[in-house]
Amino acid sequence: MEGKARNHLLLLFSFFFTAAASLQYQTFVLNSLPTPSTLSWPESVSESESESESSLPLPAPDAESSLSLRLHHVDSLSFNRTPEHLFNLRIQRDVLRVKSLTALAESAVRAPPRNRSRGRANGGFSSSVVSGLAQGSGEYFTRLGVGTPPRYVYMVLDTGSDVVWIQCAPCKKCYSQTDPVFDPAKSRSFATVPCRSPLCRKLDSSGCNRRNTCLYQVSYGDGSITVGDFSTETLTFRGTRVARVALGCGHDNEGLFVAAAGLLGLGRGRLSFPTQTGRRFNRKFSYCLVDRSTSAKPSSMVFGDSAVSRTARFTPLLANPKLDTFYYVELDGISVGGAHVRGITASLFKLDPAGNGGVIIDSGTSVTRLTRPAYIALRDAFRAGASSLKRAPDFSLFDTCFDLSGKTEVKVPTVVLHFRGADVSLPATNYLIPVDSSGTFCFAFAGTMSGLSIIGNIQQQGFRVVYDLAASRIGFAPRGCA
């Protein structure tokens, strides 16, 4: 009996050893928490230069069919903060962000159709509830000019929001921002929108003031709001002028907003910047978010045909009949170490006809969230493949962490996201991230009790993510930040 038991144990050990040895691994070179980069914007001009340009003839505002932007992470607007503090703030923002995205998706499912689409109000404000709490409304920003002559300000870019808005003088209540508040009275191209115009009717429930011009209100889940005149204005991106962009000119902005002057909505809805400029830029844009812990290069965004990378692998966009803002895709499964994870099937990520569930791509969420059953299966598979690494205590929302102190590189199982028609193989830095300065690294996925799964920007790092709305598809091009 003892011999049989010994042979059984040897066989069992041999099976697990062979299974572990057959897994696919990649080398993970350890890095440290990113240090905020120094802001540098050579494309922007000073206020005095803008004034001197005001008498010069302007180039045609719609001449160029493409434009490119430099992006920076919001950490660059924080001064005298340690990398550890900035990382903790990022996680706090991320939790708020996910709660609000989830709440928006759930409220869209519950709301009657008239409240979601084009309901009208004879008085009061138009309203459009966008994703993200105020501090969770986006992780990347750019610098652009507003008005004629252009006044340069920082604007957060957000694929989970539609409405473009900026703080405006005179302020009933404005939060502190890095640049002077935009004064529409000093712009030759600023124009209010009449109440009865089709543009005003694109707001979810339009309202009017005594001058019979359109008002807007964007409400956030934490009670923060921005209220003011719905208007059109010229935006200038590194010398490229885009005229008649519909935006909210906010005179009453209350809540916990970041130091940027406003928000450039990049969602899929009627009033987002990509939708408004679709004819000019052929409804295409892309971005590449660099891994700030390994590269000092800025991230970038491109609008127009040049946004589409030849090396991108594409997956179809899905439509949520209840919510047009988010970018839904079809996730069929996930592999760890070259093997499909049992228990992770397409049914866990299905977007049903009522608008429940689904998977979205989001630039403003940092850590990818998966429905709880999918996350547990993924986590357990990764733990098994990384069993040789020393475990560390849980950290914040991460329950799979490792003590890699004293090491410069380790072998870790590969992770591949299987979208419909596109397999996205992640670099190790996109799923093992430093969380402190002591050598603790955590598996950068988390579970959610919601039916909505979110592919966050840590997993998107280094890829050029292509939003080809003309062909209703999203693409991923590896090593796309060059």
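Reader: Why is R211 called exposed?
Author: This is a predicted model, and the computed relative accessibility of R211 is 58%. Exposed means over 50%, so R211 counts as exposed.

Reader: What makes R211 and D229 a salt bridge?
Author: Happy to show you! The closest N and O atoms of R211 and D229 are 3.7 Å apart. The cut-off is within 4 Å, so the pair qualifies as a salt bridge.

Reader: Which parts does that pair tie together?
Author: R211 lies in the loop between β8 (205–208) and β9 (214–219), and D229 in strand β10 (residues 225–237), so the pair ties together parts that are 18 residues apart in sequence.

Reader: Is D229 buried or exposed?
Author: D229 has a relative accessibility of 12%. Buried means under 20%, so D229 counts as buried.

Reader: How do you know that D75 and R93 form a salt bridge?
Author: Their side chains meet at 3.5 Å, N to O, and the limit is within 4 Å. The pair links distant parts of the chain: D75 sits in the loop between β2 (67–73) and α3 (83–110), R93 in helix α3, 18 residues apart.

Reader: And why are D75 and R93 called buried?
Author: D75 has a relative accessibility of 4%, and R93 has a relative accessible area of 12%. Buried means under 20%, so D75 is buried, and so is R93.

Reader: Which residues do salt bridges that share partners join into one network with D75?
Author: That network consists of D75, R90, R93 and E139.

Reader: What makes D179 and R143 a salt bridge?
Author: Here the N to O distance is 2.9 Å, and the cut-off is within 4 Å. D179 is in the loop between β6 (165–167) and β7 (191–192), while R143 is in strand β4 (residues 140–146), 36 residues apart.

Reader: How many salt bridges does the structure hold?
Author: The structure holds 16 salt bridges.

Conventions:
Residues are numbered from 1 along each chain as its sequence is written. This is a predicted model: local features need pLDDT of at least 70, side-chain atom pairs count only at pLDDT 80 or more; totals for chains, interfaces and linings use all residues. Side-chain values use heavy atoms; hydrogens and water are left out. Helices (H or I, at least four residues) and strands (E, at least two) are DSSP runs, numbered from the N terminus. Buried means under 20% relative accessible area, exposed over 50%, partly exposed in between (1.4 Å probe, protein chains only).
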